[in-house]
Amino acid sequence: MLLLLLGIIVLHVAVLVLLFVSTIVSQWIVGNGHATDLWQNCSTSSSGNVHHCFSSSPNEWLQSVQATMILSIIFSVLSLFLFFCQLFTLTKGGRFYITGIFQILAESDSSQMCSWD
């Protein structure tokens with residue numbers, strides 16, 4: 001049982017780290033002197049120095065992707081916090097329904113973000 005709880009904790013932390021990395025990563029699309037990510041567009045020279053960075057376009061689809069990524073992180077953090085709270089307050093044999101619901105919400109938000117192309 002202890003091994004199962006440790007695996008769940010590792011899963012929660014891994015999902016949270018992957019969400020942070022995919023939200024913060026600085027270059028999603030790179031090519032021909034141009035780098036684009038979720039938050040800004042940058043023009044680069046041939047030597048790799050950044051010349052101009054502008055905030056990403058105000059397209060509605062991009063704003064929805066940004067909001068979905070932030071919501072995924074929030075739900076994942078809440079899920080981890082609730083897991084620890086329920087771990088120490090539930091009676092033996094209790095179910096982690098609330099934690100599971102928040103984790104499902106976090107995963108469904110991030111999976112919807114991946115289907116925008």
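What follows begins with the rings and then moves on to other parts of the chain.

Analyst: Happy to! This is a predicted model, where local features need pLDDT of at least 70 and side-chain atom pairs count only at 80 or more, while totals for chains, interfaces and linings use all residues. Residues are numbered from 1 along each chain as its sequence is written, and side-chain values use heavy atoms, leaving out hydrogens and water.

You'll find one aromatic pair here (Phe, Tyr or six-membered Trp rings with centres within 6.5 Å; planes under 30 degrees apart are stacked, over 60 edge-to-face, the rest tilted). With ring centres 5.9 Å apart and planes at 65 degrees, Phe83 and Phe84 make an edge-to-face pair. Phe84, at 33%, is partly exposed.

UniProt's unreviewed entry annotates residues 67-90 as "transmembrane region", though such annotations may be inferred rather than shown by experiment. Over residues 67-90, the model is 96% helix and 0% strand (DSSP runs: H or I of at least four residues, E of at least two), and the end C-alpha atoms sit 33 Å apart.

Among the buried residues of α1 are Leu5, His12 and Leu19.

Finally, strands β2 (residues 34-36) and β3 (residues 40-44) run antiparallel, joined by three bridges (pairing takes at least two by DSSP). A three-residue hairpin links β2 to β3, and His34 has Ser43 as its bridge partner in β3.

Methods: Buried < 20%, exposed > 50% of the residue type's maximum accessible area, 1.4 Å probe, protein only.
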